[in-house]
Amino acid sequence: MGLKSSSKHDLENFRTYILVEKNFSKHTAKAYCSDILDFLLWIGDTDVGEVTLAKVREYLHFIQKFNYKKNTIARKIASLRTFYKFLYREKRSDSNPAMSLNAPKRAKSLPKFLTPFEVEQILNNINIETPAGFRNKAILELLWATGMRVSELSGLNFEDLNLEENEIRVFGKGAKERIILVTDRAKSFLERYIKTARPIIAKGYTVSENEDSPVFINSTGFRLQTQSIRKAINEVVDKIQLPKHVTPHVFRHSFATHLIENGADLRVVQELLGHASISNTQIYTHISSQHLKEVYNEAHPRA
């Protein structure tokens, strides 16, 4: 049985809400909408405004048979909370029946990161003989130098650059604006890309440098998407046969880890990463502690 028309309408409005107002990534929005679609199909002809806490708990009991991981269950509960928060605001529901649900504790795992040597291996093995290759070089230098999210990098426009001051403005989660700092090395590659590679990267297409023009473009002159950046990383990692799964977020983790290991203040790292809570940044102190133990065990004669 398919969705009834009112449920389809609610789902489409919810998708717009989390993408436009909440500024969720496309990946997160897709996951949340998939969660809500499953829920709407389960409640069938029941109107979303008539759903009670007992009904939501019944649904959670129902999905237990699929043996989802704790992180997946936690996300599904978060999806329901956000959905009903939206419905309450839109006066489609008198309450948020999912608000009081207790999500299972997420399994904590330390984020993976690269050593400085591994980063240099990657950066030094990018083919810069083509305009696209030089663009990729500028991108990875920028990811390593700033720790910005790949979506933030993809979304950069010329009006966001203040390279005279080694600063870039980015818009992070929740459309929160922050200023990040750029090293002279990364700035140099970025400026050379803009001056030499960008004008010829899209052959046969008009490429502008207006304030609202994207900094990083593809071969047709449109904004470079995040999947293309991931592909560029995969290509060089495969080339050097690095035995690690490397993503743009691994560059972000590496940036934060090495700042902490070199004595950076936790609040400064929080600001540079755009974390809403210091607790999100504190995980990098655990990584540094683990690194300290490894060095100790290798170096101490009686360890």
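Is Glu118 buried or exposed? Select Glu118 and keep that question in mind, because at 13% relative accessibility it counts as buried, where buried means under 20% relative accessible area, exposed means over 50%, and partly exposed lies in between, with a 1.4 Å probe and protein chains only. What you have open is a predicted model, in which local features need pLDDT of at least 70 and side-chain atom pairs count only at pLDDT 80 or more, while totals for chains, interfaces and linings use all residues. Residues are numbered from 1 along each chain as its sequence is written, and side-chain values use heavy atoms, with hydrogens and water left out.

Helices are DSSP runs (H or I, at least four residues), numbered from the N terminus.

**Second stop: Arg92 and Asp47**

Select Arg92 and Asp47 next, which form a salt bridge whose closest N and O atoms are 3.5 Å apart. Arg92 lies in the loop between helix H4 (70–89) and helix H5 (116–123), and Asp47 in the loop between helix H2 (26–43) and helix H3 (53–63), so the pair ties together parts that are 45 residues apart in sequence.

Moving to helix H1 (residues 5–21), pick out Glu12 and Arg15, which lie three residues apart, about one turn of the helix, and whose side chains meet in a salt bridge (2.6 Å, N to O). Glu12 is partly exposed, with a relative accessible area of 44%, and Arg15 is also partly exposed, at 28%.

**Last stop: H2 against H3**

Finally, show H2 and H3 together, whose axes, lines fitted to C-alpha atoms over the stretch in contact, come within 11 Å and cross at roughly 105°, on a scale from 0 to 180 degrees between N-to-C directions. These two helices are therefore roughly perpendicular to each other, a description used for angles of 65 to 115 degrees. Where they meet (heavy atoms within 4.5 Å), look for Asp35, Asp38, Phe39 and Trp42 in H2 and for Lys55, Glu58, Tyr59 and Phe62 in H3.

Notes. Salt bridge = Lys/Arg side-chain N within 4 Å of Asp/Glu carboxyl O. Parallel < 35°, antiparallel > 145°, perpendicular 65-115°, else oblique.
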